[in-house]
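Please read the following report with the sequence and the coordinates open beside it. It moves from the chain as a whole to a few selected places within it.

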Amino acid sequence: MILRRTHEMVSGDLSAALARQPSTENTVVSLHTQVADYTLDGERFALLGAWGGRQEVMLDNRRIAVDDDTWLPIPSGPAAVRIRGSEPVNVLTVLFRRGMPEEVLGAMLTPEDRLLDDGEVQGSSSLPFIPHLQTHDKGVTPVLLFIRRHCEMGLNDPLWFEEQFAFLLERMLARHRDVLQRARGVPVRRAATRREILRRVSLATDFIHSNFDKPLMLGDMARAAFLSRHHFLRLFKHIHDVTPHEYLQRKRTTVAGRLLRGSELAVEDIVKVVGFDSRSTLFRALRRFHGVTPRECRRAADSLTFMGGMVGAAAA
């Protein structure tokens, strides 16, 4: 039921342990480690989270980095996961038993819920979730943290986890409906076209979250979305209500705030780690998005909430 590790992993150990888990049972991978490698075979719907570092996922020939700001649903398809951290990373990977998502959501899903999946209003047994990063919110995140905390406490009660996984799926569906509501602002008529726009913008959103520490330009983001610069800029703004530059700066500022609160890194080092070009750029971004200076951030660590400035990824 629960696979726990509190030390460095040898490549293959965790993959072998996962392969032995029956797909008819719920499984939780709870790690506190600097190094780990494992694979997901794609037979079960998975959800990945990470705190204090990254899980890097290779999925559909893309590298997606799951960190303190995001979680990643993987409804299907094999994925390779790699963890490398200078400090131990807290990892939570949820593997729903085969058939459970369909059972829990079967009576709740409406034809509209499947618009992003099918591109047209019709009944379907498929789930609406697609593999793109989601930023933490007040719906899904509390359930993830609740599950993680009980894993760390050593709870291994199948019934309790079954209930929590059901709550998690319901919250994920609510998040998906919020995405659909936002998608109505995209100026196209056909649902299939709207789905494709959301998919492409989501590719760029994943790219920003996974590469924010590098010098990114509008062309880099547009290429990740397979769109021209002009169309990408216009569509990104429609979906996220901010420009790609603003989204990138918010992400960098969120990470910088976390480092200021939770590490002893010098401001100059934080500037480099998060991808800002100078101290003054970091200072302006902190003031703009959070109304604080780096010094005030470190003094008032417990009272600041930096994730409030982030907006969700395009698809749930």
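## The chain as a whole

In this predicted model, 71% of the contacts in the protein chain between residues at least 6 apart in sequence join residues at least 24 apart. The protein chain holds 12 helices and eight strands, and 53% of its 316 residues count as buried.

Helix α11 runs over residues 279–290, and its 12 residues reach 16 Å from the first C-alpha to the last, close to the 16 Å expected at 1.5 Å a residue. Within α11, the residues Thr281, Leu282, Ala285, Leu286, Phe289 and His290 are buried. An α-helix has 3.6 residues a turn, so residues three or four places apart point the same way.

The partners of the buried residues of α11 are α9 (244–262), α10 (267–274) and α12 (294–299), against which they pack. On the face of α11 turned away from its buried side, by contrast, the exposed residues Arg284 and Arg288 are found. Just after α11 comes Gly291, which takes a positive phi of about 70°.

## Aromatic pairs and a cluster

If two aromatic rings are counted as a pair when their centres lie within 6.5 Å, the count comes to eight aromatic pairs. One of them joins Phe45 and Phe129, whose ring centres are 5.6 Å apart and whose planes stand at 20°, so the pair is stacked. Phe45 lies in the loop between β2 (27–40) and β3 (46–51), whereas Phe129 lies in the loop between α3 (115–118) and β8 (134–135), so this pair ties together parts that are 84 residues apart in sequence.

Both Phe45 and Phe129 are buried. They also belong to one aromatic cluster, which is formed by Phe45, Phe96, Phe129, Phe146, Trp160, Phe161 and Phe165.

## Thr70 in strand β6

Strand β6 covers residues 70–74, and Thr70 lies in this strand. Thr70 counts as buried because its relative accessibility is 0%, where the cut-off for buried is under 20%. When its neighbours within four places in sequence are left aside, Thr70 is in contact with Ala65, Leu133, Gln134, Thr135, His136 and His209.

Conventions. Residues numbered from 1 in each chain as written. Predicted model: local features only at pLDDT ≥ 70, side-chain atom pairs only at ≥ 80, totals over all residues. Heavy atoms only, no water. Helix = DSSP H or I, 4+ residues; strand = E, 2+ residues; numbered from the N terminus. Buried < 20%, exposed > 50% of the residue type's maximum accessible area, 1.4 Å probe, protein only. Contact = heavy atoms within 4.5 Å. Expected span 1.5 Å × (residues − 1). Phe/Tyr/Trp six-rings, centres within 6.5 Å; stacked < 30°, edge-to-face > 60°.
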